[in-house]
Amino acid sequence: MTDFIHIHPEDNVAVALKPIPAGTVFLGVAAGQDIPQGHKMALRALAPGEQIVKYGFPIGHALQEIPAGAWVHTHNMATNLSGQLEYTYTPACVYPAPVPAPCFQGYRRKDGKVGIRNELWILPTVGCVNDVAKALAAENQDLLQGSVEGLYAFPHPFGCSQTGEDHARTRRLLAALARHPNAGGVLVLGLGCENLTHQQFLEELGPYDRNRIQFLTCQQVEDEMAAGRQMLTALAEYAGQFRREPIPASELIVGMKCGGSDGLSGVTANPTVGRFSDRLIAMGGSTVLTEVPEMFGAEGFLLNRCRNAAVFQKAVDMINGFKDYFLRQGEAVYENPSPGNKAGGITTLEDKSCGCVQKGGSAPIMDAIGYGCQVQSRGLNLLYGPGNDLVSSTALTAAGAHLILFTTGRGTPFGAPAPTLKIATNTPLAQKKSGWIDFNAGVVADGGCTLDQAAEQLMQLVLETASGQQTQAERKGYREISIFKGGVVL
């Protein structure tokens, strides 16, 4: 295992791949002090105001003179970010050469869509019936027979006392989840007096299979538990008709997300996912990248890869629209990274973003879609959503992701409605939290394999997961949703 990595030839910092004692020499520069794993060391003297370059892009500027070999972090550098920016489109699209798509064992739905799970989902339209939804899920586990693999409730606090865009977001998100092909049957559970009305939900949902989706309004029945049991029984019988069959990987949609990042996220796990993304797209499949605030400062990696000027403008509007959302709330657009990110070696939002967008690989960006909207274009898609782990993972599921690749340097146990594979950036995390982590990309930093080899291994794990192998979160029953909110509560 080497001591440091110099990511890009133009970088004036190197990243420690393990805890580095003072005096360690790399590229002719001796560390002037201990450097924590994932943190940066100056490769030459830096003047006050000079740009700190990592990944080949500026990630901030020096606050003071920084000697060669010094630890570079929050004490001596700061962000360059402020508000909205103007962008110029200079197309730089390189389409991956097509390769044959292997098959996985999935479920072909009657509308032609593909699922990788055959579950029953209970979706409350309002938080008032959350406990009813949870009780129905708990008391009807005996319905899991044959090919029906799970019964889950997804409580949330919204669906009433919301107005404007918040109300629309809740409506869109829940309807999109109801359409998700991983659910063989869906029970939409309402109260009856919420402002997300049954009629509104139907209008948002559009045409649907009445055998696959059923509605229960609790105020309209004498015993909601008995009525729910009857509906879930019918849904289980319908879902039980489906069996796994060979389906090409070209039909997979994979979401990409990071959380609890550290200084190795952009060195190991995220670029591994990026190379996986390029491989899946070469097979004809699709990936989805979200966390718009963690694109701030890394636009140079993304925008010129938009397939045409129209998609470029949608992506620009997405990024500047999210900056405007921050500014309307009186928040600085650079109010990030988190304390855990900083402890792991990430100093500024640009530092975090340039590592975050490595998950997007190098393929062209085919579309930029809104929150609660679903993937329509095969290939790499950008999705409007925040950095928050639960909110953005829920949005990825609603966009149609069959499963989610979630990279982390600090560790997290949660699971989205879609199977959520946790990918460690470093081996100590993978060893310490083996009950959370599904894949260790830390072996790249350890010298155990290359990024390409890790991506091939990850591809195999994705195909096995799509064929029914459970994630660590699934084995524990960890499933939840969270809905994006920006406005008032009445």
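Start by selecting Ile52, Leu252, Phe296, Leu405 and Leu458: of the 103 residues in the largest nonpolar core, these touch the most other members. A core here is a set of buried Ala, Val, Leu, Ile, Met, Phe, Trp, Tyr and Cys residues joined through side-chain atoms within 4.5 Å, with buried meaning under 20% relative accessible area (1.4 Å probe, protein chains only). Next, colour helix α7 (residues 309-328), which supplies the largest share of this core, nine residues. Helices are DSSP runs of H or I, at least four residues, and strands are E runs of at least two, numbered from the N terminus.

A word on the model: it is predicted, so local features need pLDDT of at least 70 and side-chain atom pairs 80 or more, while totals for chains, interfaces and linings use all residues. Residues count from 1 along each chain as its sequence is written, and side-chain values use heavy atoms, without hydrogens and water.

Now zoom in on Leu458. Leaving aside residues up to four places away in sequence, Leu458 touches Thr272, Val273, Phe276, Leu405, Ile423 and Phe439 (contact: heavy atoms within 4.5 Å).

Over to the open sheet, ordered β6-β7-β9 and antiparallel; strands pair if DSSP finds at least two bridges between them. β6 (51-54) and β9 (77-78) are the edges, each with a single partner strand, so one side of each has no neighbour in the sheet. Four bridges join β6 to β7 (residues 57-62); pick Lys54 and its partner Phe57 to see one of them.

Last stop: show helix α9 (residues 349-356), which packs on the sheet and touches β6 and β7.

How values were computed
Buried < 20%, exposed > 50% of the residue type's maximum accessible area, 1.4 Å probe, protein only. Axes fitted to C-alpha atoms, helices over the stretch in contact; angles between N-to-C directions.
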